[in-house]
Every structure is written in structure tokens, then in C-alpha cells.
Amino acid sequence: MTTIETNPTAVPPVQPVRKRRQTPRKTAATVVWIIGIVVLTAVVLYPLMWMISASFKPSSEFGSNQGFLPENPTVDNFVKVMEGVAGIPTWKFFWNSTILGVGAVIGTVISSSMAAYAFARLDFKGRPLFFTMMIGTLLLPFHVLIIPQYMIFRNLGMVDTFFPLLVGKFLATEAFFVFLMVQFIRNLPKELDEAARIDGCGHWRIFWSITVPLIKPALITSSIFAFIWSWNDFLGPLLYLNSPDNYPLPLALRVFNDQSSASDYGATVAISVLALLPVMLFFVIFQRFLVDGVATQGLKG
Amino acid sequence: MFKRISPRAGSGVAVTLAAALMLTACGGSGGGDAGGTPDPNEEVTLNFTWWGNEDRAERYEKAIALFEEENPNIDVNGTFMDFPAYWEKRQTEAAGGGLPDVMQFDYSYLRQYGQNGLLLDLTGFEGDGLTTDSIDETLLATGKLEDQTLAVPTGYNAWSLFENPAVLEQAGVEGYEGGTTWDDYDAYMASVTEASGGEVYGGTDYTMRIQNFELQLRQEGRDLFTEEGEINFTQEELAEFWSSAEDIRENAVIPARQLEEVAPKSGFGANLTATEMTWSNFMGGYLGDTGAEDLNIVAPPTSDPSVQDLYQKPSMLHAVSAGTEHPEAAVAFIEFLINSPEVGEIFGATLGVPASETALEGAALEGPELEVKEYLDSVADRIGEPPAAPVVGYGALENTFLTLGTSIGLGAITPEEAAQQFFDEAAVTLGS
């Protein structure tokens, strides 16, 4: 409740003024407001628009034409990109990225929510210690883990499969998501659990029928982040995947832009645009839930 | 109140611990005494990796298919990445013990991996599975470290000076003849810039590249680094080198700011400069970048034409990991990649002008590639002994040099400050 009170305070100073000369003041303010927003949006979106526009430039135009619009627009870049790399069709890279992305979402949602339930609702020995350790992994730089992790997966014979990239997701290793859900579950009234318990529910039933439906916003937030992170992840796939057949998009993208041999800038930009589309679609579709999720989290208090 | 349920979250820890316990000692030391040809009845899988674009990938796929046809028992898994990511991945594999059997290798990383015993000594295979007398001796020596043959060069290139006829025509001037004094070259660049009225430029500030400094040092009879891997020039000399280009920065070369604008292309690649000094294997890339039909290639300036200042640099090498389980098969694959005329035909000069005579015959170079080969032949008199394999961290120093050179061009620091910074960083990089 306390958080809501800050919101109305922003409005009152306007109200007394508005009563006297409502129309001119409002229009002027709106115009300034809109112009400001448009200018800001243009600045922020320019690089993105430039990239989309540049994907229609022929490769030779890069460097000579810095401008926004291509001089000789062409779709050759997209045609070339769709042909794929070294006999591997481009849809294969999209497919691999999709498997990894969806796998990451499923794994994260299932494992993190269960881990979070345990931390928030179960009273087991050493819980504070384990919780601290879990939070501690957030502070551990990824680069410290690379080599030991690589050795483990190599000795398990999992290199060049998707397992190293997905196993962790199914074991709740992303402390960020676990923490997010723990906080969420802690804010749910314990009485709900107790009522269910009196009706004869065990932990499984409480988790499934009470907790999961109530933490949906947190689950959606986690899904979106898990998907986008996985879709954009470069280092993980780089280290664990060897066969070009298994490459997800970020790796395939790099192959078009090798500086030591001839670089095809047009193709690089074109595949970047294509790689961006699914994430943008995903975001557009789920952003409503994302905002909901973040907003409701703030309200619990 | 609640019955205790064993924590789910603990399972992750348990699995990780179990996995850690399964760790065994990694990596193995390769024997250098071995030799011979692979057993034709043994089923072998080789992992092979390279960096490069999709064009190179297609060529390698062809070569691999051909090799597998000739050696039905050997299966080659090819994998590729772009250059920076390639080395990031190798670094992890080197530490984690999973280097691929055969690797396309870069000259500047040879010492680092060789010193740490990560590469198989191929000396025992020479003449017994691996033909090396098809390769020029000084060039072959670039793959050696302390008398061990650790890598075999695929092809070579040399420092050169490119000219863009289309830009020259636009400016209305003749091409640079090549091999004159540095002062003549400076004057020539200024004349191009003046003739075009500043629309295009005579060249790029050559003091930004460490290779041009190396060239000037070699013209005085020494290398950038001593055999022991120590810096072989003084801070004052470096500052003087950077200061020497003050005049051309003013009226002859493309401004540093404009270079930043056209990045990742170079000024030459963006058709803004008439000349540029770089490695001769840039021909293919520059033809693509400029969109030009034809580029000329001539000898870089020299203070003394009788000095052997240029050298054959291996454009890339092939190496075998010390931990490979199939050294014979790996060597057979390298032999095929280096010497077979069919591979020469597939690659042409895209990996540098083929080092091996037999591959060169198969390559039947023509057009721009032939031009590169002819250039290399034309400067044969100026080609001398290559310097010792680059010091560990050379790549980083090369980059620092370029960054500092750019800062000088932008007017952000003075040559003296830059030289100071270079030596500070070199001290850290070289660990002295």
C-alpha cells in the first residue's frame, strides 16, 4: 500500500492550474510532451532503424555510404543469408536457438519455482546457509566457472550436445530467478497454505494448487528473461558446441563477419535483423505480462 | 508443524559434486618420436577446426569430403568460428583438456601454445608421413620452436603496398612505383591528396601499424624483439617513429577521424585512399571491400633497397594437439591439406599463396591471386630470414600500437606520451 501513495503526489500541482485555463495550457503541454517523446524515441531507435535499413544495402556500399538509406536497395543479403553456411540451411540455426530457448524456459520455470518454494516455505536444516550460498553464486563471475564447468561436461562426454546448456537450467542454477520467486512466495499469505494443509494437502499439492497459480507473474517474468538470455547467449554455445549443425544463431552470425578473411557486412546485418525478429515478437507478445509481473511484484508489501 | 521434505534445491549441488568427483587428469603429453602412416583398418574420428567465413567453410567441407573418400576409415568432424571467438574457445579447451585433434593455427599464438606443451611435435613424422621438403626452408622454420616442428604453414604472404587504380584515376595521378625511399612515398601521397583536392587521399598514416615500424627496423638490420623475446628498440626511437609522420598527417593521409567513420572497413577498402600497406593476402578482402575489378600491388618503401627487410609470413599453419589419440591419422590429414594438389585447387591462394610446391601446382593461380604470387616473386631479393616466432602477447601489443597510433592521429596524445604508454603496457604484457 505504501508504494501507491507516491503516485498521486505527482498529479496534484497540475490540478488547480488546470481549472482556470484548461484548454490552451493542456494543448501546449501535450505538444511539447509529444515532440519530446518523438525526439527521444528517434534517438533511441535510430541504431535499430539504421540496421534494418542497412540490411538492404549491397555489401560494397558499407564504408562508402554512411547514410540512413541504401543507394541501391537490394534483397540479395537476405537471399544469401537464407542459403545458409557450408551446406547448413539457416532455418537450422533458428531451430537450434528455439530448442535452447524453449528448453531454458521450461527448465527455469519448473526448477526455480520448486527451489524457491523450498526456500520460502520449508523449514529444513541449514536453510539460511544454503540460501546464502545460493545468493552467493550471484556474485560469482561467470568467467571463474568456465573452465571447471567445461572439464566436468567434457568428462561426462556432453560436449557438442545441448545438455551443458540446458542441464543447469533444470537444476535451478540461476540464482536470480530462484531469488525472485522466493521473494514472491514469501509475500503470499501463509494462511492459504495452512488452510490447504488442514484440507489434507501435502507439499506437492500446496505447491501445485496454491503457490504456482499465485506466482504466475513471477513465472512469466522469469520465462521472458530466460528466453531472451538464452536466445542471445554467445559464450555458452561457443564453448560447448562444436558441430556447425548444432550452432544457434549468435554463433552463425559471427561466421558471416570474420575479419581475417573477407567480411560480408551486408549478410551480417541481414542475419542480425532476422535473428532479432523472434525476440522482438516474443517480447511484444509477452511484454504485457512482463509489465504486469514487475508491477504486481512492487505492490506486494 | 510441517513435515520435513528433503530439499529439492539440494539435488543440483549433489549432481555437481558427483560430477566433480568423476574428474580425471586431463591432457596428455604427445610423443615426438612417433612416425608413420595410419592403420587403414582402424576406425578413426578426427576433430578439425578453423576460423574463417562461410566461403572458407565451403572450401574446407570439399577438402574434407575428398580426404574421407581417400581414407574411408577416417571420419573428420569440421568446426569453425570467427577469429576472436576461435581463440576464446581454444583457450578454454586448452585449460580444460579438450583441444581438437587438428587445428588451423595462427603464427602469433604458436609460442604460447607451443611453450605450454599443447602441440604435438611433428619432427618424427617429417619424411615419414609428412612431406616437408616441398616447402621453402625459411618458411618451414616459422612453424618451429626450439628445434621442434609444431606446425606446418599452409601458405605465406609478405608485407606489401596496395594501389587502387580507380581512385588514382579519380585523382588523375600515376601509381606509386614502389620500393623508393620513405620520403618519396610521403611526397607521393601528398601529391595524390593535392591533385584530388582532398576528395581522396594518397594513403593511410603508416605509423599506426607496428609492421611498418618493424619494416623500418629491419631496414636497419634488427627485429622488433630479440631472440629472447625482449623489446629491441627504445622508447625514444618509438616516439621518433610516430613523430616522423607529423607532416603527412597534416597534408597527405586520410584523417584519423574519417577512418573511424568508415570502420570496420579501412580507408583503402572504402575507396578513400589510393594506397595502403598491409599483408599481401588482403587482396581478396580488399577486392570485396572496394568493389574494384583490379588492384595493383607493389613493393613498400625502403631506406636501402639492398637490405633484406621483408620476410615470408605464414598466413596460417596447421598443428596437431598434443593430446590427440590418433597422431598418425592427424598427420595424414595435415599432409593432405598442405601438399595435395587437389586441396591446392580448392583453396587457390585464399589461405595465402600455397607454401607447398605440389599444392601450388594444383592451385593454378590466376587473376588477382596470380598477381599476388608475382608480387612475392618480384620482391624475392628483399625477402630475408623471418624474425623469431612472435612473443606471447604479441597480438595484444599489435593492437595497443594501433590504438595509440589512432589516438595520435586524433590529436588526443603526443608521440612521446604514446611511446611511454606503449612501454608501460608492454612491460605488463611481456611480464618483465
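This is a predicted model: local features need pLDDT of at least 70, side-chain atom pairs count only at pLDDT 80 or more; totals for chains, interfaces and linings use all residues.
Residues are numbered from 1 along each chain as its sequence is written, while chains are lettered from A and ligands numbered from 1 in the order in which they are written.

Let us stay with chain B. Its strands, like its helices, are DSSP runs numbered from the N terminus (at least two residues of E for a strand, at least four of H or I for a helix). Two strands pair if DSSP finds at least two bridges between them. Strand S1 (residues 44–51) of chain B and S2(B) pair in the parallel sense, over eight bridges. They belong to an open sheet of six strands with mixed pairing, in the order S2-S1-S3-S11-S6-S12 (chain B). At the edges stand strand S2 (74–81) and strand S12 (353–354) of chain B; each has a single partner strand, so one side of each is left without a neighbour in the sheet.

Helix H2 (residues 54–70) of chain B packs on the sheet and touches S1 and S2 of chain B. Contact here means C-beta atoms, placed from the backbone, within 7 Å. The direction of H2(B) makes about 170 degrees with that of S2(B), where axes are lines fitted to C-alpha atoms, for helices over the stretch in contact, and angles run from 0 to 180 degrees between N-to-C directions.

Now for the interior. A nonpolar core is a set of buried Ala, Val, Leu, Ile, Met, Phe, Trp, Tyr and Cys residues joined through C-beta atoms within 7 Å. Buried means 20 or more other C-beta atoms within 10 Å of a residue's own; exposed means 12 or fewer, partly exposed is in between, and C-beta atoms are placed from the backbone. The largest core has 149 residues, and among those touching the most other members are Ala252(A) and Phe333(B). Helix H13 (residues 327–339) of chain B gives the most to this core, with eight residues.

Chain A has 15 helices and zero strands. Asp160(A) sits in the loop between helix H7 (142–155) and helix H8 (163–170) of chain A. Its phi is near 70 degrees, a positive value in a residue other than glycine. Asp160(A) counts as partly exposed because it has 19 C-beta neighbours inside 10 Å.

Definitions and conventions. Two residues are in contact if their C-beta atoms, placed from the backbone, lie within 7 Å.
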